[in-house]
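Please walk through this model with the text below.

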Amino acid sequence: VVPGADPSARQLCFAWGPAEVLVCETLFGRRGGCPFRGEAAPGRALSPGALTGRVAGTGEGGPSSSRVFVVRKDQDIYIQTLRKLFNESHGIFIGLQRSEEELAGKSRKAQLVQVSKNYRSVIRACMEDMHQAAISTRDPALHSQYSTQVSILSAMELIWNLCEILFVEAAAAGPLLLRLLDWVRLHVCDVDNMVREVLSSENPSKHELFWKVASIVDVFVLQGRMDEARHLLAKEASANPTSVNMYKILDDLMKKMPMPNLGNTQTLTEMELKWQHWHEECQRYLQDGTFASNSHMESICKILLGDEDAILEKKELMTTWYHFLVTRLLYSHPTVKPMELRMDLFLGGESSPEPLDTILMAAFEFEMHQVIKECSIALSNWWFVAHLTDLLDHCKLLQSYNLYFGSNMREFLLLEYASGLFSHHSLWQLGVDYFDHCPEYGRVYLELHIERIPLNTEQKALKVLRICEQRQMHEQVRSICKIMAMKALRNNRLGSALSWSIRAKDAAFATLISDRFLKDYCERGCFSDLDLIDNLGPSMLLSDRLTFLGKYREFHRLYGEKRFSEAAKLLLMLMTAHIAPCSFWMTLLTDALPLLEQKEVIFSAEQTYELMRCLEDLTAGKLDKQKFQDDDVETMKVEMLRLALARNLARVIVKEGTLEGS
């Protein structure tokens with residue numbers, strides 16, 4: 001459903017992106033033909049981005065316009081207050097993947113339960129931050145958004161906690177009920193604030209909320225919180241001296257109520273025997289009419305006996321069916337086993353269950369796959385199902401479940417979640433690690449997504465490059481380096497462009513940039529980015545032109561250091577080895593002029609003959625003769641070179657003849 005678009009009146013066309021869909025209205029009615037292959041169809045609601053523009057057009061009915069929408073499927077990753085959820089859960093996820101798989105039995109289970117609790121603590125911390133943001137904001141729209149997110153996070157924590165009890169911890173009969181009671185108490189806590197306010201007052205019996213004490217006692221009893229209920233009953237008894245004996249009997253029954261323990265200090269049989277004796281005692285007091293004169297205490301006694309009608313009378317105090325379920329189990333079947341949890345539930349009238357109810361019922365039915373499916377439909381992002389499924393997979397609970405298209409459920413959901421992260425300008429870095437832990441398709445997804453990351457800055461490009469290099473993604477490394485080299489070249493940053501092309505090992509591009517360096521040298525008479533050129537090292541062997549650039553710069557360095565003999569040998573080697581481009585020969589020969597005119601003879605006779613041959617090749621046939629004939633400057637250079645070479649040859653012959661004669 002795209003708000004503002006009316007597919008019943010106009011056909012919609014769309015184009016898919018990595019994480020977004022571009023949707024626009026066409027000028028074709030529902031009955032007309034549409035030239036586009038894609039047509040947006042009804043389906044799962046998506047979160048629309050801002051309206052990006054209007055496309056004017058003319059239909060048969062006259063001037064018209066079409067609206068364009070950007071639709072994002074993972075809008076939640078753009079909510080700033082959810083960043084903590086994504087960042088901190090990433091660390092927990094990585095720790096779980098790296099944990100010692102060799103741990104077995106109780107040690108492994110304890111480790112997995114702790115991981116589950118860590119996830120829940122992150123959800124609760126994020127929920128607290130969102131709640132504070134909702135309180136502090138004055139923007140009604142933001143307040144509504146934050147409040148909605150608080151409700152969603154609360155539901156997520158509720159579901160996760162139940163899955164932790166039933167699937168991860170797999171609590172046995174006895175401890176199972178205690179865990180479920182803790183679960184209910186954690187998520188139904190309005191009564192605690194009310195009691196705290198009443199008991200902290202100077203005179204609790206005159207507090208405006210004291211009249212609700214009877215209801216508060218009922219809530220505590222319904223949650224199995226006997227100590228708090230007895231404490232409040234004592235307050236109530238002090239206000240009714242005539243019923244003190246009745247209160248003492250009820251207090252004694254509540255005190256003696258047997259409860260399962262987590263220490264396994266008693267067997268289930270012992271627990272059931274104790275509970276049976278206690279249950280018979282409660283039944284006896286009720287039948288004797290001990291509480292007949294006080295309807296409230298009689299109601300509590302009936303609840304202790306597990307009377308379903310008495311419990312249902314208090315359904316307004318429980319608010320949820322799962323609270324009712326746990327209360328009924330507490331007083332009718334405290335040693336319930338996991339597989340005995342069945343759905344004969346109070347759902348509040350004839351209304352159909354909400355998505356949250358459907359998910360919790362599936363959990364109580366031990367339908368893990370249904371829980372994951374319903375959460376995928378109901379929740380607005382993939383975070384919850386991806387991390388829960390990964391945890392259940394580590395518990396060896398999803399091993400036999402493979403999807404028909406090849407990947408298992410864990411990997412499929414992690415791939416979806418990580419793909420969503422890659423549409424964010426910074427969270428994409430978290431997505432890399434999730435792809436790393438998807439053994440079947442993770443690398444393919446990473447290769448496809450990493451190529452779509454906008455390389456806005458060189459720092460970001462280096463970060464992406466490091467990720468690719470660590471994973472031996474050679475094709476992506478070359479692609480990134482080529483992109484950055486081209487960007488640098490367009491901005492006339494030749495040093496950066498050359499550096500990127502060397503990293504890409506792209507000989508053709510390195511040759512192109514080397515030519516630009518040489519061209520700049522010819523125009524300006526000096527090199528830019530000397531530090532880079534001076535430190536090319538073995539990289540200069542990437543291409544002949546880059547080798548020439550590095551060696552030519554070395555010639556200039558030798559000349560500057562007055563090491564003329566070495567400079568002369570290097571200059572001659574550049575020409576005779578045909579490393580230098582022919583178009584640069586005149587520049588090289590011109591560079592030889594100062595060496596030819598030195599007082600000391602630098603070039604030997606053989607070297608001078610080589611220089612003469614290069615000059616004749618340049619003027620005679622290797623390049624266009626007409627160019628030299630028409631260009632007075634070039635003609636003058638040639639004449640000067642010939643004169644200098646002849647003079648140097650004469651000096652060399654005299655010098656070498658003198659040496660031979662002596």
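pLDDT is the predictor's confidence in each residue, from 0 to 100. Contact, as used below, means heavy atoms within 4.5 Å. Over residues 344-350 the pLDDT stays under 50, and the model has 11 contacts beyond four places in sequence for this stretch. The protein as a whole averages a pLDDT of 80, with 82% of the residues scoring at least 70. Residues 32-63 are below 50, and this stretch has 61 contacts in the model beyond near neighbours in sequence.

The model is predicted, and local features need pLDDT of at least 70, while side-chain atom pairs count only at pLDDT 80 or more and totals for chains, interfaces and linings use all residues. Residues are numbered from 1 along each chain as its sequence is written, and side-chain values use heavy atoms, with hydrogens and water left out.

The interior comes next. A nonpolar core is a set of buried Ala, Val, Leu, Ile, Met, Phe, Trp, Tyr and Cys residues joined through side-chain atoms within 4.5 Å. Buried stands for under 20% relative accessible area, exposed for over 50%, and partly exposed for values in between (1.4 Å probe, protein chains only). The largest nonpolar core has 185 residues, and Trp183, Phe364, Trp383, Phe384 and Tyr552 touch the most other members. Helix α3 (residues 140-168) gives the most to this core, with 13 residues; helices here are DSSP runs (H or I, at least four residues), numbered from the N terminus. Trp383 has contacts that include Tyr119, Met156, Trp160 and Tyr417, leaving aside residues up to four places away in sequence. A second, separate core of 7 residues includes Val2, Ala5, Phe69 and Val71.

Two of the residues that Trp383 touches, Tyr119 and Trp160, also pair with each other through their rings. Rings of Phe, Tyr and Trp (its six-membered ring) pair if their centres lie within 6.5 Å; planes under 30 degrees apart count as stacked, over 60 as edge-to-face and the rest as tilted. There are 18 aromatic pairs in the structure. The pair of Tyr119 and Trp160 is tilted, at 5.0 Å centre to centre and 50 degrees between the planes. Tyr119 lies in helix α2 (residues 105-136) and Trp160 in helix α3, so the pair ties together parts that are 41 residues apart in sequence. Tyr119 is buried at 0% relative accessibility, and Trp160 is buried at 1%. The ring centres of Tyr417 and Tyr434 are 5.1 Å apart with planes at 90 degrees, so this pair is edge-to-face. Both of these tyrosines, Tyr417 and Tyr434, are buried.

In the bridge between Arg120 and Glu164 the closest N and O atoms are 2.8 Å apart. Arg120 lies in helix α2 and Glu164 in helix α3, so the pair ties together parts that are 44 residues apart in sequence. Arg120 is buried at 12% relative accessible area, and Glu164 is buried at 3%.

Glu610 and Arg613 meet at 3.0 Å, N to O, and both lie in helix α28 (residues 605-622), 3 residues apart, about one turn of the helix. Glu610 is partly exposed at 26%, as is Arg613 at 36%.

Notes: Helices (H or I, at least four residues) and strands (E, at least two) are DSSP runs, numbered from the N terminus. A salt bridge is a side-chain nitrogen of Lys or Arg within 4 Å of a carboxyl oxygen of Asp or Glu.
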